[in-house]
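Hi,

Here is the structure I promised to pass on. Have a look at it first, and then read my notes below.

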Amino acid sequence: MSNIVTDALVLRFANYRDNDRMVTLLSPAMGRIDAIARGCRRAKSALMNAAEPFCAGEYVLNFAHGRYAVSQCQIKSSFYELRMDYDKLVHGFYWLSLLEGAVMPGEPAQGLFHLALRALAHLNYTDLPPAMLTAAFEMHFMAIQGYSPRMDACVVCGKPVSDPMRFDAWRGGVCCAGCSPLSPAISEGARRILYKLPRVPFDSVGKLNGHPDWPEAARLFRGFVEQRMEKRPRTAPPLP
């Protein structure tokens with residue numbers, strides 16, 4: 001038996017037997033970890049809160065017989081407040097489902113781990129619109145994986161774009177109106193958001209609040225996400 005210490009975020013759980021849970025963890029160093037938290041559902045268990053979704057902390061894992069088991073956890077944040085707001089909770093669970101579909105066992109995921117913590121902090125502690133935070137999360141999430149759309153020139157012909165413009169989610173970017181005439185139109189404001197937002201720290205997301213074009217950018221980018229996710233979440237929160 002060997003012990004492993006890693007920071008981690010709980011993405012999901014499934015109750016197992018009478019008092020146990022299987023938890024899926026996101027570790028910056030180890031990617032996805034599936035582990036059992038034995039006895040965590042007992043009333044006085046020290047692991048009760050450590051096996052809840054959104055819990056982030058330093059986990060001590062034992063590895064034996066081909067399986068990880070949670071033995072200890074020093075909780076750093078539980079993001080408890082977002083559980084009291086149904087709208088925030090729906091958006092938060094959507095983020096966790098995106099992360100679960102992206103991370104792989106044994107593959108470091110530092111970028112996604114730190115994005116998740118920053119985004120959850122904004123969702124938990126600020127009054128920014130959850131839908132706006134989800135749009136920013138999706139853009140940064142895709143950028144970390146190398147899937148940002150091309151927004152500086154037509155993705156079909158390569159020429160600079162100007163109004164009227166289109167956004168082709170399948171081709172992966174902005175297009176001249178003549179190159180993709182059936183794709184939805186995109187304004188210059190929305191184009192700038194899709195181009196700039198993934199390139200700035202997530203903490204800059206508050207600058208979008210009140211911007212008239214972020215709902216349009218959010219709707220267009222959702223189609224881009226759906227085109228490229230191999231494992232799509234069953235449900236996604238509604239767009240503005």
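Which residues in α2 meet which residues in α3? From α2 they are Gly 111, Leu 112, Leu 115, Ala 116, Ala 119, His 122 and Leu 123, and from α3 they are Pro 130, Leu 133, Phe 137, His 140, Phe 141 and Ile 144. Contact here means heavy atoms within 4.5 Å. By class, that contact has 10 nonpolar, 3 polar and no charged residues. (Ala, Val, Leu, Ile, Met, Phe, Trp, Tyr, Cys and Pro count as nonpolar, Asp, Glu, Lys and Arg as charged, and the others, Gly among them, as polar.)

Before you go further: this is a predicted model, where local features need pLDDT of at least 70 and side-chain atom pairs count only at pLDDT 80 or more, while totals for chains, interfaces and linings use all residues. Residues are numbered from 1 along each chain as its sequence is written, and side-chain values use heavy atoms, with hydrogens and water left out.

Back to that pair. Axes are lines fitted to C-alpha atoms, for helices over the stretch in contact, and angles run from 0 to 180 degrees between N-to-C directions.

As for the whole chain, it has 5 helices and 8 strands; these are DSSP runs numbered from the N terminus, with at least four residues (H or I) for a helix and at least two (E) for a strand. Of its 240 residues, 49% count as buried (under 20% relative accessible area with a 1.4 Å probe, protein chains only; exposed is over 50%, and partly exposed is in between).

Now take α1, residues 86-102. Its buried residues include Trp 95, Leu 98 and Leu 99, and the buried residues of α1 pack against β1, β2, β3, α2, α3 and α5.

Then there's α4 (residues 188-196) with α5 (residues 214-228): they pack at an angle of about 65°, with their axes 8 Å apart. Ala 190, Ile 193 and Leu 194 of α4 make the contact with Trp 214, Glu 216, Ala 217 and Phe 221 of α5. Those residues divide into 6 nonpolar, no polar and 1 charged.

Cheers

Definitions and conventions
The expected span of a helix is 1.5 Å times one less than its number of residues.
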